[in-house]
Amino acid sequence: MKIAIASGKGGTGKTTLSVNIAQSAGEPVLLVDCDVEEPNCKLFLDTVMNDEEVVSTLVPSIDEGKCVGCGECRKMCQFGAIAMFGMKPMVFPEMCHGCGGCALVCAQGAITETPRRIGVIKEYSAGNVTLLEGCIDVGVAMAPPVIRELKKKINTDKLVIFDAPPGTTCPVVATLSDVDYVVLVTEPTPFGLNDLVLAVDMVREIGIPFGVVINRVGMGDSRVHEYCVAEGIEILMEIPNDRAVAEVYSRGGSIVGSLEKYNELFTSLACIIKEAAGGVHSE
């Protein structure tokens, strides 16, 4: 069973939920941190590193001795990774998506593909939680290739929880592909509502069943609740706006490990989410 915890904006408590649900699931869990630009699940877990692997993508390398300057490679590339300066092509590896089309159209065989490092994948253990973390290198612009490599590492019957990147961009779509259920985390503020609407549109377009968790209830207003009711969206749980939670978070602590009164809440939330996802998964 694969569950993604996502949000239309950053700062709603998505990672907090991901970590604490994983710890409250009552079974071995694979937690996958797909926020590869700023992975932070590890900050809230007492981890031991098991493995580290470099992630590379293939970029074109042009043999100037064979190249005749026809420009077919530039015409093929839809991402602007190859430009022509007179009869001479120039490659911009940071813009390359690794599709290999340029090598296929080169009649002279002047283009070969060479690996370019773009990030790393690390594996950690933390009690009943196994954490897979992807992280792109500084200066790398594209997150989806690292996310796709990260997801290739998943080969388990365990409950899998994806901590998705915030927003509704390509990295989020790459994370949500092939999951069974999505939990959208929001907050009861105008900003929270605006970005929740975007996230709901996204998951509906992809066609993934979902529910909403409203965090920091007690601040803001009731418009998020009214929107969910009007749209027929299930509110899985409401989490109160509690200073004690913010203090634990600021220390890099786990809520279920630090505040006993929240143990039952997160255990219940984990069961609700597994039941909702299980009903979809069994259909």
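The residues that line the second largest cavity divide into ten nonpolar, three polar and no charged, a composition described here for a predicted model. This second largest cavity has a volume of about 90 Å³. Its lining is made up of 13 residues, and those that lie nearest the centre of the second largest cavity are Cys67, Cys70, Gly71, Cys73 and Cys106.

The count of cavities of 30 Å³ or more comes to four, and the largest cavity has a volume of about 120 Å³. A total of 17 residues line the largest cavity, with Pro60, Cys77, Cys96, Cys99 and Cys102 lying nearest its centre. When the lining of the largest cavity is divided by residue class, twelve residues are nonpolar, four are polar and one is charged. Two elements of secondary structure, strand E3 (48-62) and helix H3 (101-105), each supply at least two residues of this lining, and E3 gives the most to the lining of the largest cavity, with three residues.

The cysteines were then examined for disulfides. A disulfide is a covalent bond between the sulfur atoms of two cysteines. With a cut-off of 2.5 Å between the sulfur atoms, the count in this model comes to zero disulfides. Cys96 is in no disulfide, and the nearest cysteine sulfur, which belongs to Cys102, is 6.3 Å away; because a pair must lie within 2.5 Å to be counted, the sulfur atoms of Cys96 and Cys102 at 6.3 Å are not counted as a disulfide. Cys135 is likewise in no disulfide, and for Cys135 the nearest cysteine sulfur is that of Cys41, at 13 Å. With regard to accessibility, Cys96 is buried, with a relative accessible area of 10%, whereas Cys135 is partly exposed, with a relative accessible area of 25%.

The largest pocket has a volume of about 480 Å³. Of the 24 residues that line the largest pocket, Gly11, Gly13, Thr16, Arg216 and Tyr249 are the closest to its centre. Two or more residues of this lining are given by each of helix H1 (14-24), strand E10 (210-217), strand E11 (235-240) and helix H8 (243-250). The largest share of the lining of the largest pocket comes from H1, which provides four residues. By residue class, the lining of the largest pocket consists of nine nonpolar, ten polar and five charged residues.

Across the whole structure, the search finds one aromatic pair. In a contact of another kind, the charged end of Lys151 sits over the ring of Phe162, at 5.2 Å from the centre of that ring.

For the protein chain as a whole, the secondary structure comes to ten helices and eleven strands. Along its principal axes, the C-alpha trace of the protein chain spans about 70 × 45 × 40 Å. Of the 283 residues in the protein chain, 48% are buried.

Methods. Residues are numbered from 1 along each chain as its sequence is written. This is a predicted model: local features need pLDDT of at least 70, side-chain atom pairs count only at pLDDT 80 or more; totals for chains, interfaces and linings use all residues. Side-chain values use heavy atoms; hydrogens and water are left out. Buried means under 20% relative accessible area, exposed over 50%, partly exposed in between (1.4 Å probe, protein chains only). Rings of Phe, Tyr and Trp (its six-membered ring) pair if their centres lie within 6.5 Å; planes under 30 degrees apart count as stacked, over 60 as edge-to-face and the rest as tilted. A charge sits over a ring if NZ of Lys or CZ of Arg is within 6 Å of the ring centre and within 35 degrees of the ring normal. On a 1 Å grid over the protein atoms alone, a cavity is a set of points where a 1.4 Å probe fits but cannot get out, and a pocket is an open set with protein on both sides within 12 Å along at least five of seven lines; lining residues have an atom within 4 Å of a point. Grid points are joined across faces, edges and corners, and a volume is the space filled by probe spheres set on the points. Ala, Val, Leu, Ile, Met, Phe, Trp, Tyr, Cys and Pro count as nonpolar, Asp, Glu, Lys and Arg as charged, and the others, Gly among them, as polar.
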